[in-house]
Amino acid sequence: MSKENPVKYNQILCVGLGFSGVCLGAQLRRKLGFTDIHFYDRDVTHSGTWHANQYPGCASDVPAIAYSFSFELNPNWSRLFPGQEEIHNYINGVVDKYQLRRHMTFQTECESATWHSDRQRWTVHLKDIVTGERYTHECKILFSAVGGLVTPKYPDIPGQDVFGGPIFHTARWRSDVDLKNKDIVVIGNGCSGTQVVPHLVPLAKTLTQFINTPHWLIYKSNPEMKLSWKLFILDEEGAAARRQAEENSKEFIFKTAPEKFHDILIPKWEFGCKRRIWDTDGSYLKSLCAPNVHLTKDPIIEILPHAVRTATKTYPVDVIICATGFDLKDSIGPIKIYGREGRLLNDHWQNVGGPSAYNGMAVHGFPNFIMLFGPNTATGHTSVVSAIENTVNCALKLVKPVIRGEVSEFEVTEEAESKYTRDVQAATKETVWTKCRSYYIADGGWNGALYPWSQYHFWWRMTFPTWSDWSFKLFNRTISGVNGLVDP
């Protein structure tokens, strides 16, 4: 069923309402006094990953001072590493302060977006998740702020359909499931698994955690632990820093975890290759000392009605909790984006080797389209909020002449995009991220996730754009750069 016309229109439309979307709305109002924007999100409210993830123990692994917008610092954080509810409340406060709520529509899926060169507009095709109704919304400028840590990734294990108890993901937490005195299986040992296990151990009859690969664990509250960008570079100084970090992690594990689990917990790959896991006050490793906890790296080969089976043992189980991360296949989720001449963004990425974008935000052939937290903007070592804010600040420089009516289109040049993509992939080879398998790097070696330089470097690129890498259309005339149209 489709809603009748008239077609909705706003100058700017944004898909996604996590940190990225909220930052965009706040900065447009704050810096430009601009409010002709509408937001869509498939969830029931804003905050993205900080609403989707509500499992016990969910918290930031970045200090709060770096997990805040620079223009909206919060002096009232209760903890150095705040929990999910507190972060959600912080975002909620920003939404209310900048009066963004009236511009939001929830429980709506963006199915596709098409650029019309003749009208210099985007047509966005939307679906109301509750009613099933489909409708369109046109805009001059389209933003994707869909984020990455929202769509759960479930393990591919036979037998899930015959299991007699609940199976759920940490990002789809079932607060209605009684976990007291139950045999619980937790699959996964990344950030979510490490945070949730200490809260489950006191409730469980038994808790068995299945580990795919171990991670380097760091005692979060240690004030002497200093992490440097140098850790990730393949040179002598970086190698020495990684060796020292590994020794610190081993010392922490040996001192805190039961000896029988040491071999399972110590990674075989270099520190920094995968995401580091911060263990708040050692609560995860301490929880492994409980007599009802078992840790194993044996893979589950089958789920039975009331058990899981490995090659050597069958474990009775009442509840299965998947702490198995998120689906990070690309940077726009399931949305189909059609640029000039009907060109599909995913086809473009397939042709070049994987997800990529100039400065993580723009692709040639897709005018007036900006991705927030797009390809190669994840940091791997510091706060993503900083990267988001830097991208938004650069985006404002691009959209300002359009909303003022001085230009009709902006677009990165093909040469600039191609060179940037080559540089990113080449720089990735000089980092430790290539030394193991992780969700950072695709099987073929393509890095579509991480920025391979420091965040100081990213700030510089976004604060002082290379305008010759952009073309602007003054309605029927194309120019390179901006010739003074964009304020510094």
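Helix α1 (residues 19-32) packs against helix α3 (residues 84-97) at an angle of about 25 degrees, and their axes lie 10 Å apart. Axes here are lines fitted to C-alpha atoms, for helices over the stretch in contact, with angles running from 0 to 180 degrees between N-to-C directions. The two helices α1 and α3 are therefore roughly parallel to each other (angles under 35 degrees count as roughly parallel, over 145 as roughly antiparallel, 65 to 115 as roughly perpendicular and the rest as oblique).

The axes of α1 and α9 come within 9 Å and cross at roughly 50 degrees, so α1 and α9 are oblique to each other.

## Basis of the model

This is a predicted model, in which local features need pLDDT of at least 70 and side-chain atom pairs count only at pLDDT 80 or more, while totals for chains, interfaces and linings use all residues. Residues are numbered from 1 along each chain as its sequence is written, and side-chain values use heavy atoms, without hydrogens and water.

## Helix α9

Helix α9 (residues 384-403) has 20 residues and reaches 28 Å from its first C-alpha to its last. Of the 20 residues of α9, 18 are buried (under 20% relative accessible area, with a 1.4 Å probe and protein chains only), so the helix is largely enclosed by the rest of the structure.

At the N-terminal end, S383 caps α9, with a side-chain oxygen 3.1 Å from the backbone nitrogen of V385. Further along α9, a kink of about 30 degrees lies at K397, shortly before the proline P401. The bend at a residue is the angle between axes fitted to the seven residues ending there and the seven starting there. Just after α9, G405 takes a positive phi of about 80 degrees.

Definitions and conventions:
Helices (H or I, at least four residues) and strands (E, at least two) are DSSP runs, numbered from the N terminus. The expected span of a helix is 1.5 Å times one less than its number of residues. Buried means under 20% relative accessible area, exposed over 50%, partly exposed in between (1.4 Å probe, protein chains only). A polar contact is a pair of N or O atoms within 3.5 Å; within protein, one must be able to donate a hydrogen and the other to accept it, and residues adjacent in sequence count only if both atoms are side-chain atoms.
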